[in-house]
Amino acid sequence: MDALDYVLLSLYFITVLGVGLAARRSIKNSADFFLSGRSLPAWVTGLAFVSANLGALEILGMAANGAKYGMMTVHYYWIGAVPAMVFLGIVMMPFYYGSKVRSVPEYMRRRFNRPAHLLNALSFALAQVLIAGVNLYALALIMQALLGWPLWTAIVVGAAIVLTYITLGGLSSAIYNEVLQFFVIIAGLLPIAIIGLVKMGGIDGLFAAVRDTKLGEAGLHTWADTGGSDNPLGASWWGIVFGLGFVLSFGYWTTNFAEVQRGLSARNMSAARRTPIIAAYPKLLIPFVTVIPGLVALVTVKGLGADKGDLQYNNAIPLLMRDFLPNGVLGIAVTGLLASFMAGMAANVSGFNTVFTYDIWQEYIKKDKPDGYYLSIGRWITVVGVVVGIGTAFIASGYSNIMDYIQALFSLFNAPLFAAFIIGMFWKRMTAWAGFWGLLSGTLAAFIVYAGYKWWGIFTFGSDLDESFWGAGIAFVTVAIVSVVVTLFTTSKTDEELSGLVYGIGRHDLKAGAIAGDRAWYRSPVLLGVGALVLAAAFYLPFL
């Protein structure tokens, strides 16, 4: 990078901090800090929803997967994201937004009991600082590859910037910066994909070159040879559909508060429902700037795929930036990757500080304090979350492909929660203690599968991702079985206690707070959702 690149990077940092200062003026109480006062329009929350997921983890991890697994990586988008995002908007968001809960753990407390609530709150808080560490480590990879910064310097500088604007402006600062970051990320990644394709002679030239790599023809297909595990992903169609497409995907997109929080900040029910569905449309196209560059790196970077050093799969994007981009464009690309890191980490930190303050501190440690007290706690715990995230960044450094690590975390934390959540939402007979013991047993089952594969050598899977698919599926089945058994021996809640929390008991006003524009036919969540699903299916056709 030269002086021009550093000027572009500095202007971006100044803008981000300026947004935090501007957002600070609107922070009058804890609801403003943690939920943006539930006042934001759908297009803002929708772009923030996809940007919160489009972190450095997503960019580096999915490019790494593109190089390692080929076109099968698109499963993470077209079956592993879009259907769950549509389901969240149409079916589940009315329960979240209509019941006025402030977090996913709070829903668990109201649907089940305080032990289930505390278990979920603690596991979520742990997961968020672990994932924040992944984003910090991803940032350090970029800084090492392109600027030559030491690991610790890159981690501390990046963490300090996120800490500053989240502490100043809370969720509003995070969301408005995420909208800005979405466009910066795309502007930074598009040149890599376009220049890469030009150098390869277009998409046909790239695919021809991929056929000559270790992936071969199999790297250009999505469903071929999935009757067994003899494919680049090492997974069968059953693992892809049930493990990824259902358990992992729905577990992440529908119960991960770092995402759901963006919908809860919307100004009314219609905007909240449209939030994840609006996000689904750009999500469909993200493989163009992640998977395609991964394939380009596989072809052009000799020796890519080493277990250690600069040629790990994680470095696919930074290596392409170094080799392909001229100064000026390089500054934009580096800024885009930094934006992706900050978007992902901000989502983790804002989710962490909300759940810790509302669901742990206020509920179990200091009750009935003035609202300003919890606002102050929220700001201080933001500092703690970032500091812990710095520590967990070094855990991620032990994985040559950080997406393998993050999927393992999802199978441990998200999959059991989703099982307890979805069963409890649609089966009113499920008891409070069934929710607790189901969640606990599912988490333990996922951990045993992971440990048995990674540490004890008891289980064998086609790949690390295949283990995540099976671990998630086993966790889901475990929760279901334990929940049924415990329900048979414990007492269910009454319909009055479950009103508005379980499907078919009580109703949520889907038109609550609607403004004139929300009634337009083209803003129907159902219509928008069906459109996204049709496109997801259509995108698969050229790569079957």
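Trainee: Which residues does N177 touch, not counting residues up to four places away in sequence?
Mentor: N177 touches V16, V19, G20 and Y165 on that count, where contact means heavy atoms within 4.5 Å. Please note that this is a predicted model, in which local features need pLDDT of at least 70 and side-chain atom pairs count only at pLDDT 80 or more, while totals for chains, interfaces and linings use all residues. Residues are numbered from 1 along each chain as its sequence is written, and side-chain values use heavy atoms, with hydrogens and water left out.

Trainee: Is N177 buried or exposed?
Mentor: N177 counts as buried because its relative accessibility is 0%; buried means under 20% relative accessible area, exposed over 50% and partly exposed in between (1.4 Å probe, protein chains only).

Trainee: What does its side chain reach?
Mentor: The side chain of N177 reaches the backbone oxygen of V16 at 3.4 Å.

Trainee: Let us turn to the rings. How many aromatic pairs are found?
Mentor: A search of the whole structure finds 36. Rings of Phe, Tyr and Trp (its six-membered ring) pair if their centres lie within 6.5 Å; planes under 30 degrees apart count as stacked, over 60 as edge-to-face and the rest as tilted.

Trainee: Why is the pair of Y12 and F13 tilted?
Mentor: The planes of Y12 and F13 are at 50°, with the ring centres 6.1 Å apart, so the pair is tilted. Y12 is buried at 6%, whereas F13 is partly exposed at 22%.

Trainee: And what of Y453 and F461?
Mentor: Y453 and F461 form an edge-to-face pair, 5.5 Å centre to centre with 70° between the planes. Both Y453 and F461 are buried.

Conventions:
A polar contact is a pair of N or O atoms within 3.5 Å; within protein, one must be able to donate a hydrogen and the other to accept it, and residues adjacent in sequence count only if both atoms are side-chain atoms.
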